[in-house]
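Q: Please look at the chain below, and let us then ask what its computed values say when each is set against its definition.

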Amino acid sequence: MAMKIRLARGGSKKRPFYSIVASDSRMPRDGRFIEKLGTYNPLLAKDDEKRVVMNMERVNHWLAQGAQPTDRVARFLEASGAKPKTTRANMKKAEPGDKAKKRAEEKAAKSEAAAE
């Protein structure tokens, strides 16, 4: 059985609240899970200690059993120090296209010419 440590969404519309769960990877996101390992409340401030709460003993147990954390949960584990940091691919989706780059260059050139 392929195990995942992932987020299960709860909360009402526009008010997300997530449970960190260990589940079979074939189950739906909010479906059946084996064990609840913690919570994640994205509405709290980033420096609030209650934003991410995990039972690290059980998380380490499931990692030892071969459970794979999802990307978001892996980031939580890296922040807590339970997992070493990994390098990620820096996707170029956010990079502007060629036309937008040319427009920015032209705008910069016009502003330099106006400043002189």
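A: A compact globule of 116 residues would have a radius of gyration near 13 Å, whereas the chain has 21 Å; the radius is taken over C-alpha atoms, and the globule rule is 2.2 Å times the number of residues to the power 0.38. This is a predicted model, in which local features need pLDDT of at least 70 and side-chain atom pairs count only at pLDDT 80 or more, while totals for chains, interfaces and linings use all residues. Residues are numbered from 1 along each chain as its sequence is written, and side-chain values use heavy atoms, with hydrogens and water left out.

Q: What box do the C-alpha atoms of the chain fill along the principal axes?
A: The box is roughly 65 × 30 × 30 Å.

Q: How many helices and strands are in the chain?
A: Three helices and five strands are present, counted as DSSP runs (H or I, at least four residues, for helices; E, at least two, for strands) numbered from the N terminus. Their order from that end is β-β-β-β-α-β-α-α.

Q: What percentage of the 116 residues is buried?
A: Buried residues, meaning those under 20% relative accessible area with a 1.4 Å probe and protein chains only, make up 25% of the chain.

Q: Which residues have the most contacts inside the largest nonpolar core?
A: They are Ile5, Ile20, Leu37 and Trp62, in a core of 14 residues. At least two core residues come from each of β1 (3–10), β2 (17–24), β3 (35–40), α1 (56–64) and α2 (71–80). Such a core is a set of buried Ala, Val, Leu, Ile, Met, Phe, Trp, Tyr and Cys residues joined through side-chain atoms within 4.5 Å.

Methods:
Buried means under 20% relative accessible area, exposed over 50%, partly exposed in between (1.4 Å probe, protein chains only).
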